[in-house]
Amino acid sequence: MSIPTMGYAEDFKMGLLVPGSVSEEGWNRIGFNALKGVEGQLGAKISYVELQQNPASFEKAFRDYASQGYKVILGHGFEFQDAALEVALDYPDTYFLISSSSIHEGNVIGLNTDTSQPFYLMGVIAAKMGRKAGLVGGMEIPPIQQAFIGFKNGAKSINPDFPISEAYIGNFTDTTAAKEAALSMISQGADFVVPNASGATVGGYQAISESGPDVRSFSIFSDFTQVAPNNILGLYVADYAQGVVEVVRSIKAGSPPKENVIFGLKDPKVMSFTFRDDGPISVPQDIRAEVKAISDKIAAGEIKTGAE
C-alpha cells in the first residue's frame with residue numbers, strides 16, 4: 001500500500017543544530033541553506049536551534065527534536081558527533097547527520113566534502129602551465145590541509161619536482177596577512193597562487209591581481225573574478241547544502257546511505273570545477289581535455305587525490 005505523497009510530506013520533519021548564528025555568511029548559513037532546501041524541495045517541516053559550544057546543550061537539542069518525531073536532525077559540525085551517538089540509541093527511527101564527520105554507526109551518518117579532488121585538478125593545471133605554486137591557508141586544520149594535499153598531489157603527478165610553497169596566516173579574518181603571504185610567495189617566483197582562508201581569502205586575490213596577469217589563480221568556493229579579473233582561470237564551487245538535500249531525499253525515499261557520505265567530483269549537483277573563457281588568459285584546450293579525463297578518473301575512484 002503506497003502512502004499518499006502529500007500526507008507523508010506533512011509528517012516529514014527535519015531539525016538543524018548550528019554552533020552559532022545562521023544570520024552570518026559562512027559555515028552556519030550553509031547549514032541553514034541546507035535546511036531551507038529540504039523545506040523547499042522535499043516539502044518538509046523544519047526547525048533549527050542556535051547553540052554555543054556546550055555538549056550538554058547538544059544532547060538536549062537532539063533529544064528534543066527526536067522526541068517530537070523529527071525524522072532527520074543535522075548536527076552541523078564534527079563537535080555534534082558524540083552527542084548524536086549518545087541520543088541515537090534511544091531513537092532508532094531518527095537519522096542523525098553530522099557535518100565534517102566520517103562516522104557511520106547505525107542511524108548516525110557523517111557527511112564530508114573531499115576538497116582534495118578539485119584542488120588536485122588545480123595542481124595539475126599549475127604544473128602544466130606554471131613554474132612554481134604558492135598556497136596560502138588560514139589555519140592548519142583538516143579541511144584546508146586536505147585541499148592543499150590534493151593540490152600538491154595533482155602537481156606532483158605531472159612533475160614530481162614542481163616547487164610548491166605553503167604558508168598559514170593563523171586565522172580566517174586578517175586579509176592583510178593573506179595578502180602579504182601571497183605577495184611574499186610571488187616575489188619568490190610563484191606564478192600560481194591559491195588562497196584558502198575563509199574571510200581572509202580576498203586578500204590573497206588582491207595580491208594576485210596587483211602582481212599582474214602573469215600570476216594565475218582559481219576562484220574557490222565563491223567567484224572572486226571581480227577581484228582578480230586578469231588572473232583567474234577557473235572556478236571551484238561546492239554546494240554542500242544541496243548535498244544534504246540529496247541525502248535527506250534518499251532517507252525520505254526509504255534508502256538511507258549505507259556508509260558515511262563523501263561528496264566529490266562524482267556528485268555534479270554538489271561539486272563543480274569549471275574553466276573561464278572571458279579572461280585575457282585561459283587554460284588551453286589540450287590541457288582542458290587532460291583535466292577532464294583526470295576528473296572522470298577521480299570520480300570513478302581510479303585516482304586517489306588525498307593523503308594515503
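I began with Asp191, which counts as buried at 8% relative accessibility (buried means under 20% relative accessible area, exposed over 50%, partly exposed in between, with a 1.4 Å probe and protein chains only). I was working on a predicted model, where local features need pLDDT of at least 70, side-chain atom pairs count only at pLDDT 80 or more, and totals for chains, interfaces and linings use all residues. I noted too that residues are numbered from 1 along each chain as its sequence is written, and that side-chain values use heavy atoms, with hydrogens and water left out.

Next I looked up the partner of Asp191, and found a salt bridge with Arg131, the closest N and O atoms being 3.4 Å apart (a salt bridge is a side-chain nitrogen of Lys or Arg within 4 Å of a carboxyl oxygen of Asp or Glu). This pair links distant parts of the chain, 60 residues apart, with Asp191 in the loop between helix H7 (175–187) and strand S9 (192–196) and Arg131 in the loop between H5 and strand S7 (133–137); helices (H or I, at least four residues) and strands (E, at least two) are DSSP runs, numbered from the N terminus. Arg131 is exposed, with a relative accessible area of 61%.

I then turned to Asp278 and Arg276, whose side chains meet in a salt bridge at 2.6 Å, N to O. Here Asp278 is exposed, at a relative accessible area of 61%, whereas Arg276 is buried, at 12%.

Last, I recorded that Glu59, Arg63 and Asp90 are linked in a network of salt bridges, and that the count by this rule comes to 14 salt bridges.
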